[in-house]
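Subject: Structure handover

Hello,

Here is the structure for your files. Notes on the salt bridges and aromatic pairs follow below it.

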Amino acid sequence: MTEGLIRILRHGGSADRMAAAEALAALGPATLPALLSALADPDPRLRMWAAYTLGLARNPEAVPALLSALEDDDPGVVKWAAAALRNIRDAAGGCGCRFC
């Protein structure tokens with residue numbers, strides 16, 4: 001199932017990609033390896049959707065890979081990696097500073 005949803009992230013239309021991202025996030029931690037692999041894929045569009053999906057999943061185990069994605073050459077990947085990191089931080093109750 002995960003492979004099929006990743007395939008949709010790679011080749012689907014926008015609505016299909018959104019639905020696949022939501023389905024992958026709902027499947028929980030079992031999808032993390034596939035999403036981390038997609039985040040390292042040569043296709044920037046797939047990397048962007050992987051970062052977006054990791055943000056929906058809010059799994060703190062994705063933080064190191066998302067931090068690396070902030071250095072990606074594609075601005076869309078950087079944008080969604082940053083958004084994913086914010087989602088993970090917010091789901092954890094903030095970063096611990098007095099402003100979160």
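Helices (H or I, at least four residues) and strands (E, at least two) are taken as DSSP runs and numbered from the N terminus. The model is predicted: local features need pLDDT of at least 70, side-chain atom pairs count only at pLDDT 80 or more, and totals for chains, interfaces and linings use all residues. Residues are numbered from 1 along each chain as its sequence is written, and side-chain values use heavy atoms, with hydrogens and water left out.

Salt bridges

A salt bridge here is a side-chain nitrogen of Lys or Arg within 4 Å of a carboxyl oxygen of Asp or Glu. Searching the whole structure gives 3 of them.

One joins Asp41 and Arg10, with N to O at 2.8 Å. It links distant parts of the chain, 31 residues apart: Asp41 sits in the loop between helix H3 (32–39) and helix H4 (44–57), and Arg10 in helix H1 (residues 2–11). For accessibility, buried means under 20% relative accessible area, exposed over 50%, and partly exposed in between (1.4 Å probe, protein chains only). Asp41 is therefore buried, at 15%, while Arg10, at 24%, is partly exposed. Leaving aside residues up to four places away in sequence, Asp41 touches Arg10, Leu46 and Arg47; contact means heavy atoms within 4.5 Å.

Arg47 has a salt bridge of its own, to Asp72 (2.7 Å, N to O). This pair also links distant parts of the chain, with Arg47 in helix H4 and Asp72 in the loop between helix H5 (63–69) and helix H6 (75–91), 25 residues apart. Arg47 and Asp72 are both buried.

Arg89 and Asp90 form another salt bridge, their closest N and O atoms 3.0 Å apart. Arg89 is partly exposed at 33% relative accessibility, as is Asp90 at 46%.

Aromatic pairs

Rings of Phe, Tyr and Trp (its six-membered ring) pair if their centres lie within 6.5 Å; planes under 30 degrees apart are stacked, over 60 edge-to-face, and the rest tilted. There are 2 such pairs in the structure. Trp49 and Tyr52 have ring centres 5.4 Å apart and planes at 75 degrees, so they are edge-to-face. The two are 3 residues apart in helix H4, about one helical turn, and both Trp49 and Tyr52 are buried. Tyr52 also pairs edge-to-face with Trp80, with centres 5.0 Å apart and planes at 85 degrees. Because Tyr52 lies in helix H4 and Trp80 in helix H6, this pair ties together parts 28 residues apart in sequence. Trp80 is partly exposed, at 27%. Trp49, Tyr52 and Trp80 form one aromatic cluster.

Regards
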